[in-house]
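Subject: Structure handover

Hello,

Here is the structure you asked for, with the sequence. My notes on what was found in it follow below.

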Amino acid sequence: MATLPTYFVSHGGGPWPWMKEQTGTAYDRLAASLQAMRRENGDAVRAVLVVTSHWEAPRFLFSSGAAPGMIYDYGGFPPHTYQIRYPAPGEPALAGQAARLLAAAGIDAELDPERGFDHGTFSMLYPAYPEAGMPVVQMSLRRDLDPAAHIAAGRALRPLRDAGVLIVGSGLSFHNLRQFGPAGKAASHAFDAWLQHTLLALAPAEREAALLRWSEAPQARAAHPREEHLIPLMVALGAAEEEAAACVYHEDDFFGSLAVSSFRFGAS
């Protein structure tokens with residue numbers, strides 16, 4: 001079985017795949033990149049492990065229900081977006097395997113059989129797997145948002161890549177909702193330029209060291225006042241820390257002015 005790459009994806013805003021009437025073409029390039037993620041990996045994928053920026057806990061948790069429900073963790077959207085169903089199956093065995101891999105590495109992890117799909121998962125997966133047939137397990141962030149801990153967790157999960165599990169960190173490369181528009185242009189472009197250089201140009205050891213100090217990057221705290229939408233990147237990188245990165249999605253004018261990107265680690 002082929003070794004799958006890992007991804008850090010910018011997952012867009014709210015339930016955007018179900019808002020074409022409101023958003024027009026604004027998400028077309030993002031949707032195309034998510035469709036390409038499926039196409040590039042094809043039948044090698046048997047399940048997806050989503051590291052979601054919308055779930056935090058004192059320790060790493062894995063959703064272990066066989067039929068996860070829905071979590072509408074957004075506000076102010078059209079009424080129909082609170083009726084969305086994304087009925088992908090869970091995979092309790094994979095959740096258990098992932099938790100055991102972390103435990104074997106000395107990292108505290110538990111299962112959560114009640115956790116439903118949040119929009120960092122279902123909005124991101126719908127363009128790639130609209131039929132909702134691919135088994136999905138969600139992984140929480142650890143509430144301390146420590147980059148080193150999340151890189152270590154990714155490193156522990158590395159064997160899943162050889163077993164048909166696509167590891168996807170779901171966040172956003174720029175996440176300052178108070179400046180989500182023209183006010184965020186300078187910060188998003190400066191931080192994105194740093195991220196591109198760090199991930200694409202540096203050697204693996206230098207890349208990891210730079211990410212551990214991400215808050216020292218240009219406009220880092222303007223781009224991420226709180227870093228929960230960046231930290232899924234650390235897990236994706238940790239699971240492929242010696243492998244080359246590629247930018248698989250980029251816009252310089254998202255919402256008219258923002259720079260946003262997604263990345264792949266390892267060959268597709």
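Ala132 is buried, at a relative accessible area of 7% (buried means under 20%, exposed over 50%, partly exposed in between, with a 1.4 Å probe and protein chains only). Before going on: this is a predicted model, in which local features need pLDDT of at least 70 and side-chain atom pairs count only at pLDDT 80 or more, while totals for chains, interfaces and linings use all residues. Residues are numbered from 1 along each chain as its sequence is written, and side-chain values use heavy atoms, with hydrogens and water left out.

Ala132 sits in the loop between H4 and S5 (helices are DSSP runs of H or I with at least four residues, strands are runs of E with at least two, and both are numbered from the N terminus). Its phi is positive, about 55°, although Ala132 is not a glycine. Leu145 is another non-glycine residue with a positive phi, near 55°. Leu145 belongs to the loop between S5 and helix H5 (147-156), and with 4% relative accessibility it counts as buried.

**Overall chain**

The protein chain has nine helices and eight strands. Its radius of gyration is 17 Å, close to the 18 Å that the globule rule gives for 268 residues, so the chain is as compact as a globular protein of that length (the radius is taken over C-alpha atoms, and the rule is 2.2 Å times the number of residues to the power 0.38). The C-alpha trace spans about 45 × 45 × 35 Å along its principal axes. Of the 268 residues, 56% are buried. Among contacts with a separation of 6 or more, 81% are between residues 24 or more positions apart (contact means heavy atoms within 4.5 Å). The accessible surface is about 10,300 Å², and carbon and sulfur atoms account for 53% of that (Shrake-Rupley method, 1.4 Å probe; for residues, only the protein chains shown count as cover).

**Helix H4**

Helix H4 (residues 119-128) is largely enclosed by the rest of the structure, because nine of its 10 residues are buried. Among them are His119, Phe122, Met124 and Leu125. The cover over the buried residues of H4 includes strand S1 (6-10), helix H2 (28-41), strand S2 (47-57), strand S5 (136-142) and S6.

**Helices H6 and H7**

Helix H6 (residues 185-201) packs against helix H7 (residues 204-212) at about 145°, with the axes 8 Å apart (axes are lines fitted to C-alpha atoms, for helices over the stretch in contact, and angles run from 0 to 180 degrees between N-to-C directions). H6 contributes Trp194, Leu195, Thr198 and Leu199 to the contact, and H7 contributes Arg207, Ala210 and Leu211.

**Aromatic pairs**

There are 16 aromatic pairs in the structure (rings of Phe, Tyr and Trp, the last by its six-membered ring, pair if their centres lie within 6.5 Å; planes under 30 degrees apart count as stacked, over 60 as edge-to-face and the rest as tilted). Phe180 and Phe255 make an edge-to-face pair, 5.2 Å centre to centre with 70° between the planes. Phe180 is in the loop between strand S6 (165-171) and H6, and Phe255 in the loop between strand S7 (245-254) and strand S8 (258-265), so this pair ties together parts 75 residues apart in sequence. Phe254 and Phe255 also pair edge-to-face, with ring centres 4.9 Å apart and planes at 70°. Phe254 is buried at 2% relative accessible area, whereas Phe255 is partly exposed at 44%. Phe180 is partly exposed as well, at 25%. Trp16, Tyr27, Phe174, Phe180, Phe254 and Phe255 form one aromatic cluster.

Regards
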